[in-house]
Amino acid sequence: MTLQVAPPDVGTPQDSRATTEPQAGWLVVAEQESRDLWTSGRGLILLFLFSILLSAVTYLTSTNQALNFLEQRESVNLVLQLAVAVGVLVTLVVSADGISGERERGTLESLLVTPVSRRSIIAGKLIAALTMWFATFLVTIPYVWVLARGVGILGQALTLGFCVGTLVAIGLGSIGLLISGVCNSNKTSVAASLFLMLILFAPTQLPSGLPQGWFFDVLRRANPVDSALAYISSILVNGHSWTQDLSYLITPLLTATIAGGALVLAGPRLVRLMPGVNAG
Amino acid sequence: MTSTTVEAARLTKHYGSRSAVENVSFTASQGEIVGLLGPNGAGKTTTIRLLTTVLVPTSGDFSIAGHPSTSPGEIRRCVGVLPESSGYPAYQTGGEYLRFFARLYGLSRSQARSLAAELLATVGLEGRAGSPISTYSRGMRQRLGIARALINDPVVVFLDEPTLGLDPAGQAQVLDLIRTIAKSRAATVVLSTHLLPEVEEVCSKVVILHHGRVAGAGSVGEVIKTALIEQSATLRVPLDRVERARNVLAGFPNLTVDQVAEQPDVVSLSIDGAGTDAGSSDVMNAALAAITAAGIPVLHFELEGARLSDAFFKMTSEAVA
């Protein structure tokens with residue numbers, strides 16, 4: 001077989017090829033990463049499993065005798081908290097694969113030699129990981145709608161869940177990418193991220209939450225997941241106003257700002273090949 | 001007039017106390033194919049990563065197409081790279097893959113689509129544009145990688161082991177493609193490979209690396225000459241003409257002729273105490289000419305010590321000064 005490479009002809013569209021970094025390089029990366037995430041089946045499988053879990057919880061809260069004692073507001077709160085927890089978990093896991101996974105699959109170097117900046121690559125990957133949270137939230141909407149009928153909190157619950165969940169997802173997604181950038185192997189990165197999630201979610205799984213007292217209050221407020229869920233509860237269950245317990249959002253906000261800022265600052269140093277990777 | 005497109009000056013890369021590349025210098029011009037040779041761990045991949053801005057040199061300097069190393073963005077716009085053991089997203093099709101990279105270089109969706117189709121045809125994959133990359137053979141993946149390296153119409157194309165793991169037919173296809181890239185696109189090709197005979201055939205210049213240093217550089221002839229390899233040859237003639245051939249060769253005073261054991265129709269020729277210089281080559285040429293002039297049919301004649309592989313093995317088996 002003879003392979004022929006044609007030189008670029010004068011007057012063909014090749015002449016007008018832009019060879020500068022696209023204005024929205026991050027958007028191109030985000031688009032492709034999201035497509036890979038969803039068309040590969042990873043995202044859809046996780047979402048399917050989540051919808052089964054959510055269906056089970058919704059069914060139980062509606063029909064089970066013991067859980068039926070929950071007020072409607074509490075049922076909505078439970079489902080929203082579950083959505084935030086699972087959505088943030090999958091966002092973290094997907095972002096933990098973002099850089100270390102590309103390194104292991106040998107696809108990172110090809111990306112590094114394009115004109116797209118390393119910050120744009122990171123931004124694109126973070127946005128793609130956040131689509132997991134957005135999809136999780138979309139799946140949750142009908143369940144919240146069913147549970148919130150008659151108590152007039154549907155709009156408030158959805159807005160609250162979306163805002164708080166997005167804030168936590170940005171923070172933990174950024175942490176996931178930071179972990180992925182510094183880890184030598186993908187397994188280490190994903191394992192470290194799951195361990196982090198375990199630490200953050202453990203207090204929320206205690207039968208009656210953390211014990212009372214100033215120490216545990218500080219502990220709750222220091223945990224971005226626990227404090228975000230506490231904020232949702234205070235509004236949906238206790239009927240507080242949005243501004244009354246804003247202090248609960250300090251940690252999620254700080255986490256998103258610091259982790260996001262660290263990504264912006266350290267991005268160019270994180271998106272790199274590890275020494276000795278296939279170096280000959 | 002061809003211009004210098006790659007200029008590396010005393011490039012050095014250290015990982016802690018370990019030196020991956022030390023004072024590597026060479027140049028390449030437009031349309032030239034430069035073979036970057038060396039044993040595993042010699043620093044070929046590191047050199048390519050330095051020149052493509054993936055790694056930052058510890059010291060030294062380089063320029064690509066006139067852009068200094070201080071402008072990595074400019075350099076990335078004018079180079080195409082096929083990394084060693086490049087991975088491919090299994091779920092993407094060949095067309096999607098190229099369209100994605102085309103868009104990373106700022107092309108619109110429609111431009112990216114037409115360019116991807118054009119490049120897939122260029123590398124002979126037009127019939128598989130819609131197939132997932134996971135269904136491609138290794139050779140097809142390498143050709144897809146080369147297509148991706150051409151997506152920005154680069155001034156310099158870096159190909160790191162493009163024939164690794166390919167069968168002879170696949171190697172021939174890739175080498176043919178490389179030759180055409182340099183000729184038709186007037187691009188400089190920096191080729192890292194272990195296929196020495198092919199390098200000898202394709203490359204106009206070679207750089208031999210050993211322990212991160214340049215052990216030899218220049219045209220193939222210059223490198224062989226630098227290696228100063230003792231030259232010898234084997235000559236095979238019809239069995240009934242062996243004695244006559246020995247008599248003819250006896251007329252060359254500095255040529256030693258020996259019978260090869262268990263091969264009565266083959267004699268070995270060696271030049272006494274000479275290296276590979278113009279004089280010794282002349283002696284071999286003259287000896288061969290004398291044999292043919294005497295009407296002795298030459299069934300086989302092979303010059304040893306005059307091939308790139310001989311120079312390569314000599315240079316990489318010795319400590320670099």
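Residues are numbered from 1 along each chain as its sequence is written, and chains are lettered from A in the order in which they are written. In this predicted model, local features need pLDDT of at least 70 and side-chain atom pairs count only at pLDDT 80 or more, while totals for chains, interfaces and linings use all residues.

**Exercise 1.** State how many helices and strands chain A has, and what percentage of its residues count as buried.

*Solution.* Step 1: helices (H or I, at least four residues) and strands (E, at least two) are DSSP runs, numbered from the N terminus. Chain A has 11 helices and zero strands.
Step 1: a residue is buried if 20 or more other C-beta atoms, placed from the backbone, lie within 10 Å of its own. By that rule, 45% of the 280 residues of chain A are buried.

**Exercise 2.** Check the length of helix 1 of chain A, then find what its buried residues pack against.

*Solution.* Step 1: the expected span is 1.5 Å times one less than the number of residues. For the 15 residues of helix 1 (residues 25–39) this gives 21 Å, and the end C-alpha atoms are 21 Å apart, which agrees.
Step 1: the buried residues of helix 1 include A:W26, A:V29, A:E33 and A:L37.
Step 2: the buried residues of helix 1 pack against helix 2 (42–63), helix 3 (72–96) and helix 6 of chain A, together with helix 3 (94–104) of chain B.
Step 3: after helix 1 comes A:G41, with a positive phi near 95°.

**Exercise 3.** Describe how helix 6 of chain A packs on helix 11 of chain A.

*Solution.* Step 1: two packed helices are described by the angle between their axes and the distance between the axes. Axes are lines fitted to C-alpha atoms over the stretch in contact, and angles run from 0 to 180 degrees between N-to-C directions.
Step 1: helix 6 (residues 118–147) and helix 11 (residues 250–270) pack at about 125°, with axes 8 Å apart. That makes helix 6 oblique to helix 11; angles under 35 degrees count as roughly parallel, over 145 as roughly antiparallel, 65 to 115 as roughly perpendicular and the rest as oblique.
Step 2: contact means that C-beta atoms, placed from the backbone, lie within 7 Å. A:R118, A:R119 and A:I122 of helix 6 meet A:L263, A:V264, A:G267 and A:P268 of helix 11.

Methods
Contact = placed C-beta atoms within 7 Å. Buried ≥ 20, exposed ≤ 12 C-beta atoms within 10 Å, placed from the backbone.
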